[in-house]
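Subject: Handover of a structure and findings

Dear colleague,

Please find below the structure I am handing over to you. My notes on it come directly after.

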Number of protein chains: 2
Amino acid sequence: MTAKQIPFTPEEYKRRLRLVRTAMQASGLDALFVTDPSNMAWLTAYDGWSFYVHQGVIVRLDGDPIWWGRGQDSNGAVRTVWMSDDHVHGYRDNFVQSRVRHPMQDLARILKDLGYENGRIGVEMENYYYSAKAHLTLIEELPAATIEDATGIVNWQRSIKSEEELIFMRRAAKISDKIINGLVERVEVGVPKNEIVAEILRDAALGADGHWGDYPAIVPLLPSGSDAAAPHLTWDGRPFQGGEATFFEISGCYRRYHAPLSRTIFLGEPDDTFKRAEAALVMGLEAGLDAARAGNRACDIANALAVPLEAAGITRGERCGYPIGLSYPPDWGERTISLRAEDETVLLPGMTFHFMPGLWMQDWGLEITESILIKPEGPAECFCSQPRKLFVKTNEQAIPRPSHIGGSDRLSDDLGGFEPSDDGLSGGKPH
Amino acid sequence: MTAKQIPFTPEEYKRRLRLVRTAMQASGLDALFVTDPSNMAWLTAYDGWSFYVHQGVIVRLDGDPIWWGRGQDSNGAVRTVWMSDDHVHGYRDNFVQSRVRHPMQDLARILKDLGYENGRIGVEMENYYYSAKAHLTLIEELPAATIEDATGIVNWQRSIKSEEELIFMRRAAKISDKIINGLVERVEVGVPKNEIVAEILRDAALGADGHWGDYPAIVPLLPSGSDAAAPHLTWDGRPFQGGEATFFEISGCYRRYHAPLSRTIFLGEPDDTFKRAEAALVMGLEAGLDAARAGNRACDIANALAVPLEAAGITRGERCGYPIGLSYPPDWGERTISLRAEDETVLLPGMTFHFMPGLWMQDWGLEITESILIKPEGPAECFCSQPRKLFVKTNEQAIPRPSHIGGSDRLSDDLGGFEPSDDGLSGGKPH
């Protein structure tokens, strides 16, 4: 078998386990069942695209963690986790998407074998990969246990990055920079969006600076013109248009660690509204970066950002950032702190955020963002090194350039579709 | 605003809604809250990478469906769904990842406003994007309602594809074929895996046959050698080795529709074990395709596959396929039927499956699969047109070719890492 390539040192995993156990003890938990794939990987190094079936890691107050999942994925677990093979438990395949069995029945049996039949067991109730059904099944199978919400217990321990983790994030940032450089070079009027995405994805996997690229937890987002009012649209085959801005939200990824970045490219000459928004946003970013200091609070960043924006008549309703690091789809945030007025979490050295003050207005959007590190002294450090500005390309030709996939019918499928009537299919009045 | 590009005709969405309502009535439901992003898109055309926050579609027995989600994503909803804008409800951003509020509180208010305070409301309890916490919050907020498990109600209606959907799947299949062709061309001894992935991802987005490519719901899987025992490993920067097989599980995607395909490439001369397994697997596939007829059952495919495999001494423990079509991460399966001995679902014309009899053995793996369509008469049709065999490349050089990202330190990060001791970090004995 190929030698295991555990990403971090044994000391790093010991540190993580120690943090989680301290939090478990503070919550009075005997055991913690971790289903968030990011938490699983952070604790055990497990890596695989298997989170579409039930799986998890059992953390106890002593002994190594136990990986639990589908039988066929236990082959992946013994190849990736730092624990010994006897800490890997696979369940039978007929538990998968069965109409008569649930994998939590198997987990309950293991938890009983481990002596937690009457224990206090924490579960991540607010997690993509711990379904309502999983929870109710586990409760039913362990009637004498106390099963309680431990959402975020592991996520919070991930907040402060070790030096080893920061190395990975800096590698991810180099990839993010490479992607943005490629975009600025390639985006032109008439180029179909999917062709630009093809190069983004290629750059992301090729990696940068001598290091290979992993898959980011979110695909590239790149809405244009009025669609840029909507932050989470992906792409299609339509060409970029002159006179429109497109924001690009992307991230390089190195061994599951991210450094997201957004920049906006305007093809043509932006109008005054756009220029004023850019100026206010850059001022806001700079004010926010200056407020992003150890000892300040999450809300201080949000409040600093708001001042120049509001002076320009822009009121944002959304939070302006979240913690980042190790992640699996569907999100590259850590789901703990939010950079917003009501979050008073104190910033500590080693915390990392995507400072993400997207402007999603009625019929346009602008994103200029930074992945940042809270330093022991002074303002935050930015992981990437892109100019903090709107990129404007005015020397564009309005004629579509030749395409990779060529042919005049290239966009035939994009020009079809139907235009719905205002009142939808039923023709009924709104309720 | 850019004109909406609804993928399907109004008739197609009416058909879908009619099917779901019939199923709701059979279950005695007044309303159905749909959280599976694939179900949401299938019903309403909603498309966006926003499923990392709580969102859903409310289906009623009359009136158009209602999209519900984060305020900023309602901008994406009005741009993608076929319903009128007043059928789009966004919740305030301070519900997102809050420690004091939950988005289900907002949903409960809307359900009350719609008159379901005492209603029977179906929810998808076994779904990635309906958390245990969401369920308990909804129950708490709607104490007089009957909230019951309606997992799969929509998924089952998706089983039989319309002609419109089959067009999309055929386009996806062309992309899958293009990806496999590229792999067979490019994979060589010494080429780093991530460089091959870069080209897979690029091919997937470029699309094929004049149609752009969307992102598949699963990233490329491509374990080599003994790692191919593990079905869900992704990639790193290590080069392909001679004397090893690598299976590639990929899918083209056209507007969220998939046609997954796996092929295995052996670099060098496979040994007899491998050749015998290939022969048995190809016989099993052909037997399975022949059994995949309207009127037969899901288990008939699995049983037909098993005969030649068992004759060759290979016993698979896993199901050998699942339905496919429209999907979002983390899975491109529909999570209804499983091709396995205990599933007696009758096959109907228009059903589509990934017939996926992966062999994941102790220290090797082999995948040759087909995306298939059940026809009114005769055996299943394969969407893709790849030779059904192990691809063998013997004319390889053992010398690494020049790399895109070059440099002798390219793999420095891959040769590091630590080798864990047999008993993990704690050094303790197994429990």
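The paragraphs below set out what was found, beginning with the contact between the chains. Please bear in mind that this is a predicted model.

Interface between the chains

Chain B places 129 residues in contact with 129 residues of chain A. Together the two chains bury about 10,500 Å² between them, and carbon and sulfur atoms account for 54% of that area. On the polar side, 50 residue pairs are found in polar contact across the interface, both partners having pLDDT 80 or more. The count of salt bridges between chain B and chain A is 8. In one salt bridge the side chain of A:Arg101 meets that of B:Glu342, with an N to O distance of 2.5 Å. As for secondary structure, the side of chain B that touches chain A draws at least two residues from each of helix 1 (10-26), strand 3 (66-70), helix 3 (71-80), helix 5 (132-141), helix 7 (163-186) and helix 8 (193-206) of chain B. Helix 8 of chain B gives the most to this side, with 9 residues.

Nonpolar core

The largest nonpolar core comprises 220 residues. Those with the most contacts inside it are A:Leu32, A:Leu138, B:Leu32 and B:Leu138. Leaving aside residues up to four places away in sequence, A:Leu138 touches A:Met104, A:Leu107, A:Ala108, A:Leu111, A:Val123, A:Tyr130 and A:Ile147.

Helix 10 of chain B

This helix spans residues 298-311. Its buried residues are B:Ala298, B:Cys299, B:Asp300, B:Ile301, B:Ala302, B:Ala304, B:Leu305, B:Pro308 and B:Leu309. The elements covering these buried residues include helix 9 (272-291), strand 10 (352-355) and strand 11 (359-360) of chain B. After helix 10 of chain B comes B:Gly313, which has a positive phi, near 85°.

Cysteines

How many disulfides does a search of the whole structure find? The search over all chains returns 0. For a disulfide, the two cysteine sulfur atoms must lie within 2.5 Å. The sulfur of B:Cys253 has its closest cysteine sulfur in B:Cys384, 13 Å away, and is therefore too far for a bond. B:Cys253 is also buried, with a relative accessible area of 0%. For B:Cys382, the closest cysteine sulfur is again in B:Cys384. Because that distance is 8.3 Å, this pair too is too far apart for a bond.

With kind regards

Conventions:
Residues are numbered from 1 along each chain as its sequence is written. Chains are lettered from A and ligands numbered from 1 in the order in which they are written. This is a predicted model: local features need pLDDT of at least 70, side-chain atom pairs count only at pLDDT 80 or more; totals for chains, interfaces and linings use all residues. Side-chain values use heavy atoms; hydrogens and water are left out. Buried means under 20% relative accessible area, exposed over 50%, partly exposed in between (1.4 Å probe, protein chains only). A nonpolar core is a set of buried Ala, Val, Leu, Ile, Met, Phe, Trp, Tyr and Cys residues joined through side-chain atoms within 4.5 Å. Contact means heavy atoms within 4.5 Å. Helices (H or I, at least four residues) and strands (E, at least two) are DSSP runs, numbered from the N terminus. Buried area is the accessible area (1.4 Å probe) that two parts lose on being put together, summed over both. A salt bridge is a side-chain nitrogen of Lys or Arg within 4 Å of a carboxyl oxygen of Asp or Glu. A polar contact is a pair of N or O atoms within 3.5 Å; within protein, one must be able to donate a hydrogen and the other to accept it, and residues adjacent in sequence count only if both atoms are side-chain atoms.
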